[in-house]
2 protein chains.
Amino acid sequence: MERRKFLQYAGVGAASGLTGCKGESESKTQQVSTNTNKTWEWKMVTTWPKNFPGLGTGAEFLAKQINAMSNGHINVKVYGAGELVPAFEIFDAVANGSAQMGHGSAYYWKGKYSALQFFSTTPFGMTAMEMNAWLYHGGGMELWQEAYKQFGLVPAAAGNTNVQMAGWFNKEINTLEDLKGLKMRIPGLGGEVLKRAGGTPVNLPGGELFTSLQSGTIDATEWVGPYNDLAFGFHKIAKYYYYPGWHEPGTTLECFINQSAYDELPENLQSIVMTACRVANQDMSLEYIARNNDALNTLVNEHKVDLRKLPDDVISKLAELSQEVTAELGYTDPLARKIFDSYTEFYNKSRAWLDISERAYLNLRTG
Amino acid sequence: MERRKFLQYAGVGAASGLTGCKGESESKTQQVSTNTNKTWEWKMVTTWPKNFPGLGTGAEFLAKQINAMSNGHINVKVYGAGELVPAFEIFDAVANGSAQMGHGSAYYWKGKYSALQFFSTTPFGMTAMEMNAWLYHGGGMELWQEAYKQFGLVPAAAGNTNVQMAGWFNKEINTLEDLKGLKMRIPGLGGEVLKRAGGTPVNLPGGELFTSLQSGTIDATEWVGPYNDLAFGFHKIAKYYYYPGWHEPGTTLECFINQSAYDELPENLQSIVMTACRVANQDMSLEYIARNNDALNTLVNEHKVDLRKLPDDVISKLAELSQEVTAELGYTDPLARKIFDSYTEFYNKSRAWLDISERAYLNLRTG
């Protein structure tokens, strides 16, 4: 039966130009016969050091998925930051076609268009589950596509850190007063919030954080969470480790693809690329859940890190300022407004539901 | 360059029997040339009514992903419960090869092997995020594979409901006393817990719940959550809608595949099938987040449903009994013990981490 089916398909494949008029299974098989002889060599440039735990390994995971599912028809090779282009030039490199794919996070490109930050994370914004639900079942992805289209790029969510840690501090945070004058490495919207709370946000690349914190150039720094933070050795030079990461409650990592390179692919390979991104998106998030606690245990039990929760009144003030900063970002232009409205509407709904499901359950099991 | 690469590959493909000795890209391309002419017609039997929201549509989503990515090389057709075989016979149907794939949930097969319930959900157990992290980054999947191997099946996680609702009640639950004699439709481990709390668990198929609750044959029933519950119309006949779903905090849906059918596929198609399952797994979970709140709004604001939280002392007792029931299940035989130990070890870790990340964040944003 399979053989007969194939012969029938082959007959259809021989007739050209009928794809649009034929049934789904027939038009698909036309692609089988036309595309098996072609392979695509793709470069993926990233903002991470090669194989950086979680983030860089997530990019490798994505490439492997594409290569395996496409049976080598697409052969993606991953380049760490600086190997082909510096970290913050990958957006342009993919836009101009010198690489086909990039792996980073949308808030890095706020200089290109500030509202892109909505597709990474916002302070006191959505968690990983909510972001993905908005992107795939709430209209978020269509808006992201619209925002990247002007750069000739096709976006996909391709990873998530989940809720991060608030960061490493050498000053105790007991009241709002303690934020005044605090020199902290905290980029983006979180930095703007800290500034409005009286602090001094600075932006430094990851590689300079340890020395800056050690020398006292900064009083505090956020990074990611225990899995990545342990590797950086912050516990050796910082007094307090604060949670939770109000400024990055579910940071979405991205894969973006050069539009022409994407359009050149037959449909099934496009589908493979997009599905691989979705699996990479979930997998990174799961890996962080699995690894963060082991690292936290090491930090707390072995290195005796002083783990602290940010005080309630500090949280309240930061929440209020976050809402202000996020709304301002949403009012910059018509597309930003459309993104902001969609994000906000979805978030209000998901928050109400998660309050009586996920949150209620996490609380009751803790007692 | 692409053309040259292909020619080089084709040469390798012509030499046979060298797959194991050649580099990765070479052996892959051997598959390209040998497998493009073959298609597989697969049947997916399910425990859901055809296109049942969330669950049945999740099975369709999975089939579409496989069909699209494989370019029709695998053509999966989905059958609703009863179309080919009744809902609870799909496990045997796939095991004996009359269908290639099944879509259900592992706790349905507890009659085959009771410890399979760990791969669905346990009362007061892991959430969706934790279950997936355990399966893909904590050794859970290997144990699931071991458990299904004896039936000639290959398992995959292929959906999740997230935290469910506690259910629809016609009796108020204010104290532990109110559970005594309560006739409630609640199958599986949750039912056993209710029994130990003095209640009378009954198991009824979904189609009989409305009438049974209406006629007073049962005092209460659990089902899934607002999205599915609204469609069933329980609000018309039940007084109270309780949360959260302590008995099913993150129910994993599954896809299982006949081992011989799976082994017959070339590697890239196996990879496509497994990746499609992972995306279907995430997608269902996201769809529930996106849809549940709209349905909850309709229930509460339009139908004036009386939404209630289970009281703390009831929760404490149910938690204690759940631990007892789950541990007993884990002590039934050596494999069950291995599963239980792995589940418990992972859960203790993930719970500790989520306490200061996900839970702390969900609480602080609610204020």
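Biologist: What ipTM does the model score?

Modeller: Two overall scores come with the model. Its pTM is 0.90. Its ipTM is 0.89.

Biologist: Which residues of chain A have a pLDDT that stays under 50?

Modeller: Chain A averages a pLDDT of 90, and 90% of the residues score at least 70. One stretch stays under 50, and the model has 33 contacts beyond four places in sequence for it. Where pLDDT is low, the predicted coordinates should not be read in detail. The stretch is residues 1–34.

Biologist: How many of the residues in chain A are buried, as a percentage?

Modeller: Chain A has 14 helices and 11 strands. Among its contacts between residues at least 6 apart in sequence, 75% join residues at least 24 apart. Of the 367 residues in chain A, the buried share is 54%.

Biologist: Which helix gives the largest share of the side of chain B that touches chain A?

Modeller: The contact takes 71 residues from chain A and 71 residues from chain B. Several elements of chain B each supply at least two residues, including helix H1 (2–14), strand S1 (40–46) and helix H13 (334–356). By class, this side of chain B has 30 nonpolar, 25 polar and 16 charged residues. The largest share, 17 residues, comes from H11(B).

Biologist: How do H13(A) and H11(B) lie, roughly parallel or roughly perpendicular?

Modeller: Helix H13 (residues 334–356) of chain A packs against H11(B) with the axes 8 Å apart. The angle is about 80°. Angles of 65 to 115 degrees fall in one class, so H13(A) and H11(B) are roughly perpendicular.

Biologist: Which residues of H11(B) make that contact?

Modeller: H13(A) brings A:Lys349, A:Ser350, A:Ala352 and A:Trp353. By class, the contact of the two helices has four nonpolar, three polar and two charged residues. From H11(B) come B:Ile289, B:Asn292, B:Asn293, B:Asp294 and B:Leu296.

Biologist: How far apart are the end C-alpha atoms of H13(A)?

Modeller: H13(A) has 23 residues. At 1.5 Å a residue, H13(A) should span 33 Å. The model agrees, because the end C-alpha atoms are apart by 34 Å.

Biologist: Are A:Lys349, A:Ser350 and A:Trp353 of H13(A) buried or exposed?

Modeller: A residue needs 20 or more other C-beta atoms within 10 Å to count as buried. The listed residues of H13(A) include A:Phe340, A:Tyr343, A:Phe346 and A:Tyr347, which are buried. A:Lys349, A:Ser350 and A:Trp353 are likewise buried.

Biologist: Which residue does a cis peptide bond join to B:Tyr243?

Modeller: In chain A, the bond from A:Tyr243 to A:Pro244 is cis, with omega near -10°. A:Pro244 lies in the loop between strand S9 (240–243) and strand S10 (252–258) of chain A. In chain B, omega is about -10° for the cis bond from B:Tyr243 to B:Pro244.

Biologist: Does A:Lys304 count as buried or exposed?

Modeller: A:Lys304 is in the loop between helix H11 (267–302) and strand S11 (306–309) of chain A. Its phi is near 55°, a positive value in a residue other than glycine. With 9 C-beta neighbours inside 10 Å, A:Lys304 counts as exposed.

Technical notes:
Residues numbered from 1 in each chain as written. Chains lettered and ligands numbered in written order. Predicted model: local features only at pLDDT ≥ 70, side-chain atom pairs only at ≥ 80, totals over all residues. Contact = placed C-beta atoms within 7 Å. Helix = DSSP H or I, 4+ residues; strand = E, 2+ residues; numbered from the N terminus. Nonpolar A, V, L, I, M, F, W, Y, C, P; charged D, E, K, R; others polar. Buried ≥ 20, exposed ≤ 12 C-beta atoms within 10 Å, placed from the backbone. Axes fitted to C-alpha atoms, helices over the stretch in contact; angles between N-to-C directions. Parallel < 35°, antiparallel > 145°, perpendicular 65-115°, else oblique. pLDDT = per-residue confidence, 0-100. Expected span 1.5 Å × (residues − 1).
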